[in-house]
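Walk me through this fold, from the chain as a whole down to single side chains.

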Amino acid sequence: QLVMDNSKRIYLKNIIGDNRLDSIDILHMDIQGSEMSALQEIKDNKIDKIINYYFISLHDTLNQTKKILDTFNIEYLFIDPNKGGNGDGLIVCKNKDK
């Protein structure tokens, strides 16, 4: 889900359906701690099958994000620019089927 403001949400499945997308080259997510709900939507709606690469900015959500990414058919790398291990950083992923 993409939150535009507190009252309106935009869902990735609707963007895909409205635009008749059958492939997403790169999905960049920087959604301030809502990574889990967005990734769950991607998994629940089988959107993970059409995404080639992910670039995910983490906001203290590393452990939860890794749990759901482990259910996807992807390879991923965690980059911790602060070297602090606090869960902030970046995850870059590649779909193994693409």
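A contact here means heavy atoms within 4.5 Å. By that rule, residues 24 or more positions apart account for 59% of the contacts in the protein with a separation of 6 or more. The model is predicted: local features need pLDDT of at least 70, side-chain atom pairs count only at pLDDT 80 or more, and totals for chains, interfaces and linings use all residues. Numbering starts from 1 along each chain as its sequence is written, and side-chain values use heavy atoms, with hydrogens and water left out.

Next, the layout. The protein has 3 helices and 6 strands. Helices (H or I, at least four residues) and strands (E, at least two) are DSSP runs, numbered from the N terminus. Read from that end, the order is β-β-α-β-α-β-α-β-β.

Now the surface. Accessible areas come from the Shrake-Rupley method with a 1.4 Å probe, and for residues only the protein chains shown count as cover. The protein exposes about 6,200 Å², of which carbon and sulfur atoms supply 48%. Of its 98 residues, 35% count as buried. Buried means under 20% relative accessible area, exposed over 50%, and partly exposed in between (1.4 Å probe, protein chains only).

What do the buried residues build? In soluble globular proteins, nonpolar side chains tend to be buried together. A nonpolar core is a set of buried Ala, Val, Leu, Ile, Met, Phe, Trp, Tyr and Cys residues joined through side-chain atoms within 4.5 Å. The largest one here has 22 residues, and I42, Y54 and I56 touch the most other members. Two or more residues each come from α1 (12–18), β3 (24–29), α2, β4, α3 and β6. The largest share, 4 residues, comes from β4. Leaving aside neighbours within four places in sequence, I56 is in contact with M29, E35, L39, L69, G89, L90, I91 and C93.

Helix α3 (residues 62–69) shows two faces. Its buried residues are L62, T65, I68 and L69. They sit on the same side of α3 because they cover an arc of only 135 degrees around the axis, taken from the directions from the helix axis to the C-beta atoms. The face turned away from that side carries the exposed residues N63 and K67. The buried residues of α3 pack against α2 (35–44), β4 (51–58), β5 (74–79) and β6 (89–95). T65 lies in this helix, and its relative accessibility is 0%. Beyond its neighbours within four places in sequence, T65 is in contact with E35, M36, L39, L58 and I91.

Some nonpolar side chains stay on the surface. I26, Y53, F55, L77, I79 and V92 form a nonpolar patch there, with about 520 Å² of accessible area together. Patches are made of residues with over 30% relative accessible area and no salt bridge; like charges are joined within 9 Å, nonpolar side chains (Val, Leu, Ile, Met, Phe, Trp, Tyr) within 5 Å. β4 and β5 each supply at least two residues of this patch. F55 belongs to β4 and is partly exposed, at 31% relative accessible area.

Last, the charges. Side chains of opposite charge can pair when their charged atoms come close. A salt bridge needs a side-chain nitrogen of Lys or Arg within 4 Å of a carboxyl oxygen of Asp or Glu. How many does the whole structure hold? The search finds 1 salt bridge. It joins the side chains of K43 and D48 at 3.6 Å, N to O. K43 is partly exposed, at 25% relative accessibility, whereas D48 is buried, with a relative accessible area of 5%.
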